[in-house]
Amino acid sequence: MTLKYVSSILFVFIISTLLSPIFCLYQDQVGKFDWRKQSIGIPKFVYQHQGLDNLIVATKSNVIASIHNKDGSIIWRQLIADGCELNHMSILKSSEELRDYLVRTTCISETLETNQTQVWSPQNGLLVSESRYRDFIDDDQSESQLAETGHVVDDSTSAFTLTDDSNLLVSDDGKVTYQAHGRSIWAREESLASIVAAEIVKLPKDMRDSFGLKKTIVVVTQTGKLFGMDTITGDIVWHLFDKDFVTSNHESEHLVMILTKQSDDDAAESRAIVIHPNGLIMRINPVTGESLEKKRLPASIKQIALTEVCTHDESRGILILDTQEKVHVYPENLIEQVKDNLAKYYITIAERYPASIRGFKFVLESNEIVARQVWSIPFNETEKIVNLKLKRIDEEIHSPARVLGDRGILYKYVNPNLVAVLTESKTGEACNLDHSINVYLIDGVTGALIHSIHHQKSRAPSKLVHSENWLVYSYFNTKSRRTEVSSMEMFEGIHQVNSSAFSSLTRSHIKPKLIEHKSFIFPAGIDSMVDTVTLRGMTNRHIIVALPSGALLEIPKIFLDPRRPTHMLPEHREEGLIPYMPELPIPSESIINYDQTLLKVRRIITSPAILESTSLVFAHGLDLFFTRVTPSKTFDILKDDFDHVLITGVLIFLVVASFVSKYLAQRKALHAAWR
């Protein structure tokens with residue numbers, strides 16, 4: 001009877017724990033794992049209405065916004081359409097009422113070669129009817145005083161005079177400061193709206209957390225200012241300004257930042273190189289923000305290659321090919337080491353238009369390193385290169401093969417030298433152009449054409465994701481007037497050619513034996529696209545897509561699997577495939593930035609954490625956004641809402657109950673023996 005009594009108590013306790021309420025955190029998690037920083041850009045026109053506590057600002061980033069003059073917070077902002085450069089802002093008044101005015105902006109359309117005029121409400125930023133205020137457009141008396149171009153205070157600062165005792169100062173580095181009554185009220189780093197290069201840097205052991213979630217985001221802006229930002233809080237931990245690294249819109253896409261060393265032991269040993277296309281090189285410490293060295297080459301830079309040789313501080317060097325076809329090694333003290341390993345270095349150079357791609361190898365002539373062209377691929381004269389992707393240098397591939405549903409194996413075609421080139425072709429008359437998209441997979445060492453795909457009635461914008469043995473790319477179908485996404489995977493077959501290392505020079509078969517390809521309909525445009533990356537490559541891959549609506553969408557790679565069958569078989573289910581459907585969904589629960597809209601996302605970068613389940617995501621454009629995603633869920637960490645107290649109580653109760661049961665059982669056995 002005693003054992004039954006103890007068992008009954010244990011059963012009731014366990015059932016009560018199972019029936020206890022479950023607490024879910026939704027709104028409380030906002031901002032716990034992510035952060036967002038909103039920008040408007042560097043001011044171009046500024047207006048402050050007398051008696052009101054806000055500034056109307058039009059910026060070089062084609063944004064019109066209302067800023068609170070007390071703390072610099074954004075009240076509202078509107079983005080003027082791309083392809084239209086804002087060149088004028090004026091204030092329209094219809095009466096003497098304080099709030100009865102409108103804001104008019106004018107921009108020049110690059111494609112239509114016309115001026116476009118918008119009229120905005122200063123209270124909420126809504127676009128109002130232009131026809132209602134058409135009488136005011138040419139009436140100079142209706143325009144109030146406006147601080148348009150500002151005046152130079154010194155060599156590095158310009159000022160917009162707003163009132164007798166207030167100014168808006170804009171520094172050359174993009175810092176915007178509001179001054180009133182002779183003191184600074186607030187400041188904003190608006191150069192962050194024009195980031196041209198970004199990397200996520202690993203911190204040494206004494207500075208990071210145990211899961212590797214705390215890192216430093218290093219960004220280079222168009223104004224020549226560099227920032228180091230904390231991934232946990234988004235705070236700026238250091239900044240560095242060099243006016244020689246200012247880039248124009250044309251040069252910005254060619255500015256490069258390379259991480260040459262990420263130290264695990266000492267923050268002072270981390271290294272990065274920032275390379276300006278005009279030949280200027282700066283070596284920095286990406287953790288502390290210290291500028292270590294600055295050098296200018298005699299000519300502009302054409303292409304860069306990262307080497308495997310290291311300096312005394314274990315920082316990797318780079319090979320540089322300039323526009324005069326001369327080769328440079330940086331740092332210079334690595335020249336002899338590079339010469340000893342010269343046979344392994346190749347470089348690829350692509351020209352957008354007229355489209356061409358060439359391959360070079362490095363040789364020694366008279367003890368000098370020289371680049372010699374070894375192959376070239378001429379494209380059609382109507383083609384223009386719109387995108388080009390190489391694989392990550394440090395890419396981790398967990399499995400070299402794919403296990404099929406029938407227990408067979410398909411070995412992946414993993415060519416680290418593979419270059420994906422996407423071109424757009426235009427044919428026909430100007431009034432009736434026929435667009436097409438071509439995708440070329442080229443071996444960067446030999447120049448061999450591995451595979452090519454042609455999409456008729458398609459055009460840019462196009463985005464590429466190139467990883468392992470697969471390629472995902474997007475394009476706009478002009479016939480169906482929709483965005484489409486194509487996915488391709490390459491396999492060597494059931495036998496692996498190179499089991500140890502891939503070599504483009506010694507392989508008997510350079511091309512894959514099997515290529516799977518499928519296309520999907522995507523119900524929105526695509527601004528940027530990247531794949532998640534983890535420390536060992538074991539976690540499932542997801543694709544992060546930036547939508548024009550300002551959302552970041554997380555798409556499982558399984559939805560883009562080109563092996564998705566149209567007719568399901570048992571072996572397909574065993575392999576984990578899902579049936580093919582041409583439409584890709586956009587579920588709201590897959591939006592990783594929920595309601596935090598991001599404007600003009602230009603690029604997304606991902607970085608691994610120490611946790612294999614977690615990938616860090618950073619998106620930048622007009623806004624900055626950071627978060628972390630877990631494509632295979634958090635299989636290596638307990639959830640934040642895990643009830644440690646309850647589990648501890650259950651374990652203690654079970655241990656005590658086991659001892660009590662043991663004691664009672666022994667006592668019962670003893671009594672039975674005496675009978």
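These legends accompany several close-up views of the structure above.

**About the model.** This is a predicted model, in which local features need pLDDT of at least 70 and side-chain atom pairs count only at pLDDT 80 or more, while totals for chains, interfaces and linings use all residues. Residues are numbered from 1 along each chain as its sequence is written, and side-chain values use heavy atoms, with hydrogens and water left out.

**View A. An open sheet of 4 strands, in the order 6-7-8-9.** The pairing here is antiparallel. Strands are DSSP runs of E with at least two residues, helices are runs of H or I with at least four residues, and both are numbered from the N terminus. Two strands pair if DSSP finds at least two bridges between them. At the edges sit strand 6 (84-93) and strand 9 (127-128), each of which pairs on one side only. Follow strand 6 to strand 7 (residues 101-109) and you will find 9 bridges in the antiparallel sense. To get your bearings, look for E85, which stands opposite I108 in strand 7.

**View B. A hairpin made by strand 4 and strand 5.** Strand 4 (residues 63-68) and strand 5 (residues 74-79) run antiparallel and are joined by 5 bridges.

**View C. A patch of negative charge on the surface.** Gathered here are D206, D265, D266 and E314. Patch residues have over 30% relative accessible area and no salt bridge, with like charges joined within 9 Å and nonpolar side chains (Val, Leu, Ile, Met, Phe, Trp, Tyr) within 5 Å. A salt bridge is a side-chain nitrogen of Lys or Arg within 4 Å of a carboxyl oxygen of Asp or Glu. D265 belongs to the loop between strand 19 (256-261) and strand 20 (271-275). D265 counts as exposed because its relative accessibility is 61%; the cut-offs are over 50% for exposed, under 20% for buried and in between for partly exposed (1.4 Å probe, protein chains only).

**View D. Two cis peptide bonds, one joining Y330 and P331 and one from Y353 to P354.** For Y330 and P331, omega is about -5°. P331 lies in the loop between strand 25 (327-330) and helix 4 (335-340). For the bond from Y353 to P354, omega is near -5°. P354 is in the loop between strand 26 (346-351) and strand 27 (356-365).

**View E. Positive phi at R407 and K457.** R407 is not a glycine, yet its phi is about 75°. Look for R407 in the loop between strand 30 (401-403) and strand 31 (409-412), where R407 is exposed at a relative accessible area of 60%. K457, also not a glycine, has a phi of about 55°. K457 lies in the loop between strand 34 (449-456) and strand 35 (458-459) and is partly exposed at 40% relative accessibility.

**View F. Two pairs of residues, H312 with N333 and L418 with G444.** H312 sits in the loop between strand 23 (301-310) and strand 24 (316-322) and is exposed, at 77% relative accessible area. N333 is 21 residues from H312 along the chain, with 9.6 Å between their C-alpha atoms. L418, in strand 32 (residues 418-427), is buried at 1% relative accessibility. From L418 to G444 the C-alpha separation is 5.9 Å, across 26 residues in sequence.

Terms used. Accessible areas come from the Shrake-Rupley method with a 1.4 Å probe; for residues, only the protein chains shown count as cover. Lys and Arg count as positive and Asp and Glu as negative; His and the chain ends are not counted. The place of a charge is taken as NZ of Lys, CZ of Arg, CG of Asp or CD of Glu.
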